[in-house]
Amino acid sequence: MDLSALTAIDVHTHVEQDGHGCFALDQELLDASAKYFRADQDRTPTVTSIAEHYRARNMAAVVFTVEAPAATGHPALSSEEIADAAAEHADVLIPFGSVDPHAGKAAVRRARTLVAEHGVRGFKFHPSLQAFEPNDVRYYSLYEAIQELGVPALFHTGQTGIGAGLPGGHGIKLRYSNPMLLDDVAADFPGLTIILAHPSVPWQDEAISVATHKANVYIDLSGWSPKYFPPQLVHAANSLLKRKVLFGSDFPVITPDRWLADFAALDIKDEVRPLILKDNAVRVLGLG
């Protein structure tokens, strides 16, 4: 990967379809999230289509799925397949893995294999979709393994468009994605790099507090158009957290074009923009 040729690194993109035509979510959840985000573009991109999209823009992207069969009953896409496919597009793609925390020791073994044999550079968790409290000590052996592997863990935080507008939110519980639960994890695993995904509405102040207090905690700015960012997040990104916030789009529900157009209008200092768009990700992902 030629970092000097990249204009930005998007740390948050979803592979929603595998090479066999299987989808990461059931149709009801796919439709609900598309409606929530008012997304009229392709909702189910493959690894190859994501690579083409970002290569055309001189950008790199972190790609992943979310494995949640224990909570949703829906078969997961293969992180192994995603990582192996991403390796064919190593000029623009950085693969993250996903394991179901409910799998216990099997999840720990698989995390190690994903890094050692498939080149995974981090892990994605979605506590609300996967239905787990991230500070439950039952999952600490998994964090210990990821800490030992020296790769980041990216956790969905705050509101989610998955299940939004459906009766009971499709059974998805928002409280699992309160960033204060991850304060415990960050304190107990100081060597684990944690990325809080998204503006953490309705817990934005909590997320800023955790990222300010814990050296190993960062925030990605995905899932929201920048024009809707909470003002305290903009202020923090422009000042005390300028080296701890990362560009993320949440592709495909938000495209990098839409995100960057709105980011250009945001009141961010000129010297901070390159940190958010690329430099912080290079450091956090160990790409330098």
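Contact is taken here as heavy atoms within 4.5 Å, and helices (H or I, at least four residues) and strands (E, at least two) are DSSP runs numbered from the N terminus. The model is predicted, with local features requiring pLDDT of at least 70 and side-chain atom pairs counting only at pLDDT 80 or more, while totals for chains, interfaces and linings use all residues. Residues are numbered from 1 along each chain as its sequence is written, and side-chain values use heavy atoms, leaving out hydrogens and water.

In the contact of α11 with α12, Trp-259, Leu-260, Phe-263 and Ala-264 of α11 meet Arg-273, Ile-276 and Leu-277 of α12. These residues comprise six nonpolar, no polar and one charged (Ala, Val, Leu, Ile, Met, Phe, Trp, Tyr, Cys and Pro count as nonpolar, Asp, Glu, Lys and Arg as charged, and the others, Gly among them, as polar). The axes of α11 (residues 256-264) and α12 (residues 273-284) come within 11 Å and cross at roughly 150 degrees; α11 is therefore roughly antiparallel to α12 (over 145 degrees). Axes are lines fitted to C-alpha atoms, for helices over the stretch in contact, with angles from 0 to 180 degrees between N-to-C directions.

Phe-263, in helix α11, counts as buried at 3% relative accessibility (buried means under 20% relative accessible area, with a 1.4 Å probe and protein chains only). Not counting residues up to four places away in sequence, Phe-263 touches Pro-226, Ile-268, Arg-273, Ile-276 and Leu-277. The charged end of Arg-273 sits over the ring of Phe-263, 4.8 Å from its centre (the criterion being NZ of Lys or CZ of Arg within 6 Å of the ring centre and within 35 degrees of the ring normal). Lys-244 likewise lies over the face of Tyr-218, at 5.2 Å from the ring centre.

The structure holds 13 aromatic pairs, defined for rings of Phe, Tyr and Trp (its six-membered ring) by centres within 6.5 Å, with planes over 60 degrees apart counting as edge-to-face. The ring centres of Phe-125 and Phe-132 are 6.2 Å apart and the planes lie at 65 degrees, so this pair is edge-to-face; Phe-125 and Phe-132 are both buried. Tyr-143 and Phe-189 also form an edge-to-face pair, at 5.9 Å centre to centre and 80 degrees between the planes. This pair links distant parts of the chain, 46 residues apart, with Tyr-143 in α7 (residues 140-149) and Phe-189 in the loop between α8 (180-188) and β6 (194-197). Tyr-143 and Phe-189 are both buried. Ring pairs join Phe-125, Phe-132, Tyr-139, Tyr-140, Tyr-143, Phe-155 and Phe-189 into a cluster.

Terms used: Angles under 35 degrees count as roughly parallel, over 145 as roughly antiparallel, 65 to 115 as roughly perpendicular and the rest as oblique. Rings of Phe, Tyr and Trp (its six-membered ring) pair if their centres lie within 6.5 Å; planes under 30 degrees apart count as stacked, over 60 as edge-to-face and the rest as tilted. Buried means under 20% relative accessible area, exposed over 50%, partly exposed in between (1.4 Å probe, protein chains only).
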